[in-house]
Amino acid sequence: MKLGLLTAICEDMTFEEVVDFAAENNLECLEVACWPTAGAKRRYAGVSHIDVVNLTEEKAKEINGLCAEKGVVISSLAYYPNTLEPELEKRASYVAHLHALIDASALLGVNMITTFIGRISNKTVDENLKIVKEVWTPILKHAEEKGVKVAIENCPMWFTDDEWPGGQNIMSTPANWRKVFELLDSPNLGLNYDPSHFVWQQIDYIRPIYEFRDKIFHVHYKDIKVYPDRLADVGVMANPLQYMTPKIPGLGDVRWDKYVSALTDIGYQGCSVIEVEDKAFEDSPESTKKAIIQSAGYLRNYVS
């Protein structure tokens, strides 16, 4: 496995600076945040380290040359919108950018994008699945034509009141994975596996690794800390941030030894990236760098 970084946390750094930082700290890969250059309001969104819409062959060669020189590979191009957004104009813009991401990933030779399936939060799973089929069939056809894999992260995207009650990503549980993989039967559709989202949902984050071994295209390292006293007070139907918080690896409840052990069991040899969303390390760019370095140092106990 290659150990790397999701660049969304490095919003104050240029792409070149992120590559240099990764190389200096022995990080081997980057999941590159590629939001539209106009940005976005959501926390950890709106970062654009590669402008995929205006990417040219010349610029792609420059990017690949820099990465080769520094010994850092791009694991994926990342963009995490709600592609089932109920406002159709917004949905169309999100989907259009995903198509641009697919083209850019092929042009760079990365051949992987990481994203969400999306969800209309106040509709049932079955209602959402009908829309998934409509929205995602042409996206996956494009990805297949370009030879690009699409890895869906299992985050429910329920953190704020406007995402209540169902969140904004239907691919949040193994039960829903089975439904979506049956609905969208494509070898190019898989998972960006993040154990932290299963911790607060009280889902076993080890067992699905074995069942979905052939669908795990990409891996995240992010931790979650659940506060039992708060959970006992508000219950599982509360806004999740009332009883849990994201942490850097090693400071939460994920058993990273068991997680990495399971990945080695299935022979996973792809890229695995640190995702930093820990508010304790957000007071300055230097704190962010410290969080990345500390996370990498901890994970090197398991990933070599």
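**Notes on the model**

1. Helix H4 lies across strands E4 (112-115), E5 (149-153) and E6 (189-193), and runs at about 135 degrees to E5. Contact here means heavy atoms within 4.5 Å. Axes are lines fitted to C-alpha atoms, for helices over the stretch in contact, and angles run from 0 to 180 degrees between N-to-C directions. Helices (H or I, at least four residues) and strands (E, at least two) are DSSP runs, numbered from the N terminus.

2. On provenance: this is a predicted model, in which local features need pLDDT of at least 70 and side-chain atom pairs count only at pLDDT 80 or more, while totals for chains, interfaces and linings use all residues. Residues are numbered from 1 along each chain as its sequence is written, and side-chain values use heavy atoms, with hydrogens and water left out.

3. H4 (residues 125-146) also packs against H5 (residues 174-183), at an angle of about 35 degrees and with the axes 10 Å apart. H4 contributes Val125, Leu129, Val132 and Lys133 to the contact, and H5 contributes Asn176, Lys179, Val180 and Leu183.

4. Eight strands close into a barrel with parallel pairing, in the order E1-E2-E3-E4-E5-E6-E7-E10. Neighbouring strands of this sheet are turned by 30 degrees against each other on average, direction ignored. Two strands pair if DSSP finds at least two bridges between them.

5. Which strands does E1 join? Strand E1 (residues 2-6) is joined to E10 by four bridges, the two running parallel, and Leu5 stands opposite Ile274 in E10. Three bridges join E1 to E2, also in parallel, with Gly4 opposite Cys29 in E2.

6. All five of the five residues of E2 (residues 29-33) are buried, so this strand is largely enclosed by the rest of the structure. Buried means under 20% relative accessible area, exposed over 50%, and partly exposed in between (1.4 Å probe, protein chains only). Cys29, Glu31 and Ala33 cover one side of E2, with Leu30 and Val32 on the other, and all are buried.

7. Asp278 sits in the loop between strand E10 (271-274) and helix H10 (285-299). Asp278 counts as buried because its relative accessibility is 2%. The Asp278 side chain reaches the backbone nitrogen of Ala280 at 2.9 Å. Leaving aside residues up to four places away in sequence, Asp278 touches Tyr44, Pro246, Lys247 and Ile248.

Note on methods
A polar contact is a pair of N or O atoms within 3.5 Å; within protein, one must be able to donate a hydrogen and the other to accept it, and residues adjacent in sequence count only if both atoms are side-chain atoms.
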